[in-house]
Amino acid sequence: METILETKNLTMNFGGIKALDRVDLDVRQGEICALIGPNGAGKTTFFNCITGIYPPSEGDVFISPPAGKRKRINGLPVHRVTARGLARTFQNIRLFPDMTVLENVMVGRHCRTKAGVLGAIFRDRITRKEEKAVVTRSYAILERIGLADLANALARNLPYGDQRRLEIARALATEPFLLLLDEPAAGMNPRETEALEELILRIKTEEQISILMIEHDMRMVMSISDRIFVLDYGKKIAEGTAAEIWENPVVIKAYLGEEFDA
Ligand SMILES: Nc1ncnc2c1ncn2[C@@H]1O[C@H](COP(=O)(O)OP(=O)(O)O)[C@@H](O)[C@H]1O
Ligand SMILES: [Mg+2]
C-alpha cells in the first residue's frame, strides 16, 4: 500500500513544552489509523501541525495524494492544505450554529468551486450554475451520511451526535483523500458511537478515503483501526496493530494512573 501521509521528526515547542518530539508517523492508502495517548500527549497538536494551524518547530510533513506527487507541506496555510486533500474535524465542534445543516456542508464544498466566495457575491451565470451543483453535491453528501432529512434544520438544533456527523459531512465536502478526526466519539452515547463506527468504515470502503483518528474510546479504536500510534509526552512510544498495542507493556505503563478511556 502506498504511503499518503508521512511525518519525519515532527517537533512542536510551545515555550518550554515539547508538545511533539521528533514524531515519525505514516498513513497508507485505504487505512484507518488511530492516534492515541493520555491527555496532553500532543495528539491535537499533531493535527494542528500537519493541517497548517501551527508551522512545526522542526521536522517535515509530506503528502502523496493517490493521484498526485509527493509534496512537502509544512508551513502551508490551512486553506491550501485543505485544497490538497487533507480535511479534519475538531475536538470541540466548530459548526456555523445559525446556518442550516445543508449550508454548513456547502461551506466545505466552496473550496472546490472556481467562483469561491467572490463569485457567490457577484452571481454571474457560471456562478449560478456552480451554486446549483454545490447544493446538489452537498445534499448528496448529507444523504450518504444519513442527515438529509435534517438538511433545513439549524445546525444548533441538532442532537450532539448529529452535530459530530455534520462536521464529518462538511469535511467530506472538501473531497479529501485523508480525513482527520479529532475525538469523533467524544460525548456520544453507545448507540451513536456504533453508528459512527459504521460511518467511518463506510467512508473507507465506499469512498476510498483513508482515516487518521484521535480517539479515547478504546473499544472503537481496537475494533476498526488497521494500525495504531501511541503518543506520550509528545513522543511516539509505540505503533502496531490493535493486538500488538493492546499487550505492549510500554503502552500499558503510559496509561497507568490514567483512566484508560479518560
Ligand atoms: N497553543 C498552545 N500553546 C501552548 N501550549 C499548548 C498549545 N497547544 C497545546 N499546548 C500544550 O501542548 C501539550 C499537548 O497538547 P494537546 O496536543 O492538546 O494534547 P492532546 O490532544 O493529546 O490531549 C499540552 O501540554 C498542551 O498544554
Ligand atoms: Mg486533543
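**Reading the sheets and the ligand shell**

A: Let us begin with a turn: in the hairpin of E1 and E2, two residues lie between the strands, and Gly 15 adopts a positive phi near 55 degrees. Please keep in mind that this is a predicted model.

Q: How many bridges join strand E1 to strand E2, and do the strands run parallel or antiparallel?

A: In general, the strands of a sheet pair through backbone hydrogen bonds, in either a parallel or an antiparallel sense. Here strand E1 (residues 3–14) and strand E2 (residues 17–28) run antiparallel and are joined by eight bridges.

Q: In what order do the four strands of the open sheet with antiparallel pairing lie, and which are its edge strands?

A: The order is read from strand to neighbouring strand, and here it is E2-E1-E4-E5. E2 and strand E5 (71–72) are the edge strands, each pairing on one side only.

Q: What is the strand order of the open sheet of six strands?

A: That sheet has the order E6-E7-E8-E3-E9-E10, and its pairing is mixed. Its edges are strand E6 (86–88) and strand E10 (235–240), each of which pairs on one side only. On average, neighbouring strands of this sheet are turned by 20 degrees against each other, with direction ignored.

Q: Which strand pairs illustrate the parallel and the antiparallel sense in this sheet?

A: For the parallel sense, consider strand E7 (residues 178–182) and strand E8 (residues 210–214), joined by five bridges; Leu 180 stands opposite Leu 212 in E8. For the antiparallel sense, E9 and E10 are likewise joined by five bridges, and Asp 232 stands opposite Lys 235 in E10. E9 and E10 form a hairpin with two residues between them, and Tyr 233 in that turn has a positive phi of about 45 degrees.

Q: Which residues surround ligand 1, and what classes make up its shell?

A: The surrounding residues are Phe 14, Ala 19, Pro 38, Asn 39, Gly 40, Ala 41, Gly 42, Lys 43, Thr 44, Thr 45 and Tyr 54. By class, the shell has five nonpolar, five polar and one charged residues. H1 gives the most to this shell, with three residues.

Q: What distances separate the oxygen atoms of ligand 1 from N or O atoms of Gly 40, Ala 41 and Lys 43?

A: A backbone N or O atom of Gly 40 lies 2.8 Å from an oxygen atom of the ligand, and one of Ala 41 lies 3.2 Å from a ligand oxygen atom. For Lys 43, an N or O atom in the side chain is 2.8 Å from an oxygen atom of ligand 1. Taken alone, ligand 1 exposes 560 Å², of which the protein buries 64%.

Methods. Residues numbered from 1 in each chain as written. Chains lettered and ligands numbered in written order. Predicted model: local features only at pLDDT ≥ 70, side-chain atom pairs only at ≥ 80, totals over all residues. Heavy atoms only, no water. Pairing = 2+ DSSP bridges. Axes fitted to C-alpha atoms, helices over the stretch in contact; angles between N-to-C directions. Near = heavy atom within 4 Å. Polar contact = N/O pair within 3.5 Å; in protein donor to acceptor, adjacent residues only side chain to side chain. Areas by Shrake-Rupley, 256 points an atom, 1.4 Å probe, with all protein chains shown as cover. Nonpolar A, V, L, I, M, F, W, Y, C, P; charged D, E, K, R; others polar.
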